[in-house]
Amino acid sequence: MIGLRRRRGLGRWLAFAAAVAFGLVMLIPFALMVSTAFKPHAYVLEIPPRLIPEAPTLDNFVEAWTSQDFGRYFLNSVIVAVASTTIAVTLGSMLAFAFARYSFPGRRLLFGALLFTMMVPGMVLLIPQFVLARNLGLLNSLAGLIVVYATMNLGLNTFLLRGFFGSMPQEVFEAAAVDGAGVWSSFWLIGVPLARAGIATITLFSFLAAWDEFTWAIISLSDKNLYTLPIAIRSFQRAQATEWGLVFAASLIALAPVLVLFVALQKQFVSGAFVGATKG
Amino acid sequence: MATVTFDHVTKKYGEVVAVDDFTLQIQDGEFMVFVGPSGCGKTTSLRMIAGLEDITTGTLAIGDKVVNDIPPKDRDIAMVFQSYALYPHMSVFDNLAFGLKLRKVDKKEIDRRVKEAAETIQLTNLLQRKPKELSGGQRQRVALGRAIVREPAVFLMDEPLSNLDAKLRVQTRAEIARLHQRLKTTIVYVTHDQVEAMTMGQRIAVMSQAKLQQVGPPQELYDHPANKFVAGFIGSPSMNFLPVELSGSGETAVLRTDGLQIPLPSHYRSAVGAVTGGRFVIGIRPEHLDVAPLSGPSTTVQARADVVEYLGNEELLHVEIAGTDVVAVVSADRRVRPDDVLTVHLPLDKMHLFDAETELNLPRSAA
């Protein structure tokens, strides 16, 4: 009995040590990035590297923001990410609600087709996507980015939210139907509020995916005024001398909206949305 | 208020028949109870009235309007679900007001009706709470209130008391009965509990294996069950059944079983005919048996008390008669103890006789 307890204690310590090690692997690069962003250029590559800068400065942030029209790129990213997230979340939640709660001919086939879009690597689709965007006149425009980013996230959003809507008690929707709710009222007044946690999750995923996207943006945009943040940050890296302080400061600026969004949505990530709806 | 009319309604799920050729008219303002064991089709029938299940064949009308293809929201019905089915993200007030808001009722009117309903179901001080902050009984009352506030033509109730404890069930049962007396709205109430059915229903529709077995007032079902199923289902404890064989004819006809010979009551003579060897089933309610002489015509049998369940004012005696466990409800004054050898009196005038094959209750002649 004592031996078993001791083995369990040891196992717990090993798991804890592994978790700490994994956490450090994730945290150290981020800490170095933050630290470097506050270092003067001369101290960026010092050996050994210091975690706490000797003379912290905001120069990198000021330069990153003021050089190369960074503000415009930031705004472009905000427009593209907000618009594509809005479309992907709105359409995704409607599709998910329909797939989860209604039976109609071809439901399985359509859902399968939607899942298939998630299985094909994005790189494989670049050329057909480019041809299609060119034919639709969507190249070199923010609208082109918005459409592609929205559709890129639609499959995953639908898949995730379908699970949420599907797990809601059927009787609640039946009660709503008897109370006078049609399809739209059931979705908007019952489904959406109960799927808050799921909608918050897909909002964050969609925003992140659009905010960070680089490949399609660099391929489809030729007008410098339409560049988004990932392209702008990439431009701080040069063949001869990358200004790491600038790159990291720009990256931290780019991270700010994601953190704000996460904090804003945090209270939605709660379980137990259905408690009290039905018995048990 | 409205009538509800089932006209040869059948509901199939693939090859499985859930409701078979159901014909019934529920009167305006009537309290109708659908009762039967699990899977008999009672809830499916209720859900067809609500519009939550499609009808395979036949027609269903609410009032004079056939509603087969009318969605639930346009049927002017309100439903109380077995599992409450409250909107968990809304307060009690909003749960009650939801249906009225969807119907674009004036805000002041909503306020008035919600407060009135809350008063009726004694939830006035809980209006701002969310369902998760309520007890099971309070949630069920909210579900009731949500139906009341709508002032519908028909109330549908799907086993609304099954999740409540015994005490609360009795209280809520009385509340629903009072509600019906006050509102005089048509209520269709589903339960598998025959006590609930007997105490609440003006008429009861007994269902089994997708078919309507009998419909009538509680007393009629109790006194004149149409078949063995209804006889066994209605009444608690259940009716005792003894398989017997007819022997002899006319005044000497007797119903025989292992070690027991019961004279055929004269009012059954014409129904059984004179076929010696005909197989029947005698049905006697436990409360009609006694261990003391009865006032009417009776026969007696010796039996040993197997188990005695003391209930305070009465006792449930389990005795073995002709190889069958028979239950008798007798006064506690009889002071029967296990293993006592008793003379059990069987009343001939209260005895039912069922055809062993069709299980139909044989008609009594006037004589």
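**Sheet, helix packing and chain contact in the predicted model**

Chain B holds an open sheet of four strands in the order 2-1-4-5, with antiparallel pairing. Strand 2 (16-26) and strand 5 (65-66) of chain B stand at the edges. Each has a single partner strand, so one side of each is left without a neighbour in the sheet. The model is a predicted one. Strands of a sheet pair through backbone hydrogen bonds, either parallel or antiparallel. At one end of the order, strand 4 (residues 57-62) and strand 5 of chain B pair in the antiparallel sense. Two bridges join strand 4 and strand 5 of chain B. B:Ala61 has B:Val66, in strand 5 of chain B, as its bridge partner.

Strand 2 of chain B, an edge strand, contains B:Thr23. B:Thr23 has 12 other C-beta atoms within 10 Å and is therefore exposed, since the cut-off for exposed is 12 or fewer. Leaving aside residues up to four places away in sequence, B:Thr23 touches B:Phe6, B:Asp7 and B:His8. B:Phe233 lies 210 residues from B:Thr23 along the chain. Their C-alpha atoms are separated by 21 Å.

Helix packing was examined next. Two packed helices are described by the angle between their axes and the distance between the axes. In chain B, the axes of helix 2 (residues 92-102) and helix 3 (residues 107-120) come within 10 Å. They cross at roughly 135°. Helix 2 and helix 3 of chain B are therefore oblique to each other. The crossing is right-handed. Helix 2 of chain B contributes B:Phe93, B:Leu96, B:Ala97, B:Leu100 and B:Lys101 to the contact. Helix 3 of chain B contributes B:Ile110, B:Arg113, B:Val114, B:Ala117 and B:Ala118. By class, eight residues of this contact are nonpolar, two are charged and none is polar.

Helix 2 of chain B has the buried residues B:Val92, B:Asn95, B:Leu96, B:Ala97, B:Phe98, B:Gly99 and B:Leu100. B:Leu96, B:Ala97 and B:Leu100 also take part in the contact with helix 3 of chain B. The cover over the buried residues of helix 2 includes helix 3 and helix 4 (136-148) of chain B. It also includes helix 7 (170-179) of chain A. Just after helix 2 of chain B, B:Lys104 takes a positive phi of about 55°.

The axes of helix 4 (residues 107-119) and helix 6 (residues 142-166) of chain A come within 8 Å and cross at roughly 125°. Helix 4 and helix 6 of chain A are therefore oblique to each other. Their crossing is left-handed.

Between the chains, 22 residues of chain A are in contact with 26 residues of chain B. On the side of chain A that touches chain B, helix 7 and helix 8 (183-194) of chain A each supply at least two residues. Helix 7 of chain A gives the most, with seven residues. This side of chain A divides into 13 nonpolar, five polar and four charged residues. Helix 7 of chain A is also among the elements that cover the buried residues of helix 2 of chain B.

Definitions and conventions
Residues are numbered from 1 along each chain as its sequence is written. Chains are lettered from A and ligands numbered from 1 in the order in which they are written. This is a predicted model: local features need pLDDT of at least 70, side-chain atom pairs count only at pLDDT 80 or more; totals for chains, interfaces and linings use all residues. Two strands pair if DSSP finds at least two bridges between them. A residue is buried if 20 or more other C-beta atoms lie within 10 Å of its own, exposed if 12 or fewer, and partly exposed in between; C-beta atoms are placed from the backbone. Two residues are in contact if their C-beta atoms, placed from the backbone, lie within 7 Å. Axes are lines fitted to C-alpha atoms, for helices over the stretch in contact, and angles run from 0 to 180 degrees between N-to-C directions. Angles under 35 degrees count as roughly parallel, over 145 as roughly antiparallel, 65 to 115 as roughly perpendicular and the rest as oblique. A crossing is left-handed if the near helix is turned anticlockwise from the far one by less than a right angle, and right-handed if clockwise. Ala, Val, Leu, Ile, Met, Phe, Trp, Tyr, Cys and Pro count as nonpolar, Asp, Glu, Lys and Arg as charged, and the others, Gly among them, as polar.
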